[in-house]
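Me: I have a fold I'd like to walk through with you. Could you look at it with me?
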Amino acid sequence: MLNLLTQTGLRFLWLALLTLILDQWSKHAVLAGMELYQSIQITPFFNLTHTRNYGAAFSFLNDASGWQRWMFTAIAVVVSVVILRWLKGAPKHQIMLPVAFSLILGGALGNVYDRVVYGYVVDFLHVYYQQYEWPVFNIADSAICLGAFLLIIDMFKNKEQNGEADNAGN
């Protein structure tokens, strides 16, 4: 068991746990300290705005009749299991991929918790410029996006390394 936690991608589960804790702590603070739709300006382009998302990313299917809650929960649980299995099989020399998947796992579990407990996801980070605005999001969403970004970087990094290895063999 100790080898799994030190020699595989599971060694980064602490990052998923930290993501989950920060996400839930921040959402608890918003729920305890802000009314629904209350907005607190932090800078000229950033507010804390308490909203509820009944859908998925960017409020996709937010206005559906409620079935989406369980569909998105099921998808996130399946993805989480797949990520855990992948982390278990990841070799020790890999770093960026397990970190990316751990961020995605922590974010997915944070939003799953909200869907199961509240029936919606608590969002509160609101970025905008003049009349342009980004959909309100949370720490879990940020971790998922950062994880996806790291996956893309790793994909290009490995493509370049594989290309160099292919060229060295010629």
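Me: How many helices and strands does the protein chain have?
Reply: The protein chain has five helices and four strands, where helices (H or I, at least four residues) and strands (E, at least two) are DSSP runs numbered from the N terminus. This is a predicted model, in which local features need pLDDT of at least 70, side-chain atom pairs count only at pLDDT 80 or more, and totals for chains, interfaces and linings use all residues. Residues are numbered from 1 along each chain as its sequence is written, and side-chain values use heavy atoms, with hydrogens and water left out.
Me: In what order do the strands sit in the sheet?
Reply: The order is β1-β2-β3-β4 in an open sheet with antiparallel pairing, two strands being paired if DSSP finds at least two bridges between them. β1 (39-43) and β4 (132-133) are at the edges with a single partner strand each, so one side of each has no neighbour in the sheet.
Me: And how many bridges join β2 and β3?
Reply: Strand β2 (residues 46-53) and strand β3 (residues 121-129) are joined by six bridges, and F46 has V127 as its bridge partner in β3.
Me: Switching to W70, which helix is it in, and how exposed is it?
Reply: W70 belongs to helix α3 (residues 67-89) and is partly exposed, at a relative accessible area of 47%; partly exposed falls between buried (under 20%) and exposed (over 50%), using a 1.4 Å probe and protein chains only.
Me: What share of the chain is buried, then?
Reply: Buried residues account for 38% of the 170 residues in the protein chain.
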